[in-house]
Amino acid sequence: MNTIASQGVAVVTGASRGVGRGVAEALGAAGMTVYVTGRSTTDGASRIGDTPLHGTIHDAAAAVTAAGGQGIAVHCDHGDDAQVKALFERVEREQGRLDILVNNALVIDDSLIEPGPFWTKPLAQADMFGVGLRSNYVAAWHAAPLLLKAGRGLVAFTSSYGAGCYMHGPAYGAQKAGCDKMAADMAVDFEGTGVAAVSLWLGVQRTERTAIAARLRGDAYGDFMARSESPQFVGRVIHALWRDPELAARSGRTQIVAELAQRYGVRDEDGREPPTWRNILGAPCAFHPARVS
């Protein structure tokens with residue numbers, strides 16, 4: 001297969017459904033060739049408790065193509081380094097370059113939103129440090145040479161206000177804070193190359209998973225869901241960020257998606273402007289500029 005990527009090439013990890021799928025679809029609507037990765041190949045095989053989650057990498061790739069781009073489904077367990085290596089070897093073979101990597105893959109245990117201290121919840125919550133943090137590093141490590149070939153590129157991490165405030169417990173918070181610091185440090189290494197690394201704080205997303213969470217914990221999430229963001233909105237902001245002539249100036253920073261949307265004039269469905277939660281949930285921290293090799 002030898003595809004032509006006149007509008008750019010992207011890899012979106014963890015894109016069978018939810019945020020990843022919406023981001024991939026938005027990049028497709030902008031005309032990009034998008035490699036959609038994930039483990040789901042059978043609809044409904046993944047579940048939250050007894051509730052099946054719908055969507056597969058094939059559905060997501062088809063949605064990208066239907067939106068106007070070219071969707072390419074790649075079965076990839078981001079906890080398996082060999083599969084990740086094979087993914088980027090395929091991108092190099094078929095495209096010869098990469099413009100955007102969206103690090104979104106994350107293992108989420110069903111107990112994430114249950115109330116209670118961390119020691120009463122399954123140790124499986126710590127799996128987020130594997131697929132969700134280490135996996136981001138591995139994907140970026142393989143993607144870097146392809147991004148450098150393009151001469152200009154973006155590594156975007158899907159992060160959260162939970163990096164700065166208590167949200168869903170210490171494992172979730174540490175994973176999100178790790179994304180922010182990883183983006184900041186990768187930006188130092190990418191400096192002067194034309195490639196940027198940015199961590200993005202998403203607002204509450206309108207996904208099947210969050211709809212289930214809102215139904216189970218309406219007391220905690222009802223108000224946030226009323227002012228949520230669509231994953232496609234996030235994807236349109238990522239695309240606008242990639243095209244920003246001042247992208248290099250934003251490299252290494254943690255940015256709030258809703259605030260970037262205001263800068264770029266990006267709106268959500270029906271012309272809505274999702275709010276920033278800065279005043280309620282806090283602002284991204286600024287890392288110290290000191291450098292020690």
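Helices (H or I, at least four residues) and strands (E, at least two) are DSSP runs, numbered here from the N terminus. The structure described is a predicted model, in which local features need pLDDT of at least 70 and side-chain atom pairs count only at pLDDT 80 or more, while totals for chains, interfaces and linings use all residues. Residues are numbered from 1 along each chain as its sequence is written, and side-chain values use heavy atoms, with hydrogens and water left out.

The secondary structure of the chain comes to 11 helices and nine strands. The radius of gyration, taken over C-alpha atoms, is 18 Å, close to the 19 Å that the globule rule gives for 293 residues, so the chain is as compact as a globular protein of that length. That rule is 2.2 Å times the number of residues to the power 0.38. Along the principal axes, the C-alpha atoms fill a box of roughly 50 × 45 × 40 Å. Of the 293 residues, 51% are buried (buried means under 20% relative accessible area, exposed over 50%, partly exposed in between, with a 1.4 Å probe and protein chains only). The accessible surface, from the Shrake-Rupley method with a 1.4 Å probe, comes to about 13,100 Å², and 53% of it belongs to carbon and sulfur atoms. Contact means heavy atoms within 4.5 Å; among contacts between residues at least 6 apart in sequence, 72% join residues at least 24 apart.

Next comes the interior. A nonpolar core is a set of buried Ala, Val, Leu, Ile, Met, Phe, Trp, Tyr and Cys residues joined through side-chain atoms within 4.5 Å. The largest such core has 33 residues, of which Val34, Ile100, Leu154, Leu200 and Ile238 touch the most other members. Helix H8 (residues 231-243) supplies the largest share of this core, seven residues. Leaving aside residues up to four places away in sequence, the neighbours touched by Ile100 include Val9, Leu27, Leu154, Ile238 and Trp242. A second, separate core of 30 residues includes Val9, Tyr35, Phe157 and Ala183.

Strand E2 (residues 33-38) is largely enclosed by the rest of the structure, because six of its six residues are buried. In a regular strand the side chains alternate between the two faces of the sheet. In E2, Thr33, Tyr35 and Thr37 point one way, Val34, Val36 and Gly38 point the other way, and all are buried. Strand E1 (residues 9-12) pairs with E2 in the parallel sense over four bridges, where pairing requires that DSSP finds at least two bridges between two strands. Alanine 10 stands opposite valine 34 in E2.

Histidine 142 lies in helix H4 (residues 130-150) and is buried, with a relative accessible area of 16%. Beyond residues up to four places away in sequence, histidine 142 touches Asp81, Val84, Lys85 and Phe88. Alanine 86, in helix H3 (residues 81-95), is partly exposed at 39%.

Finally, the cysteines. A search of the whole structure finds zero disulfides, a disulfide being a pair of cysteine sulfur atoms within 2.5 Å. For cysteine 179, the nearest cysteine sulfur is that of cysteine 285, 13 Å away. For cysteine 285, the nearest is that of cysteine 165, 13 Å away. Cysteine 179 is buried, with a relative accessible area of 0%, whereas cysteine 285 is exposed, at 52%.
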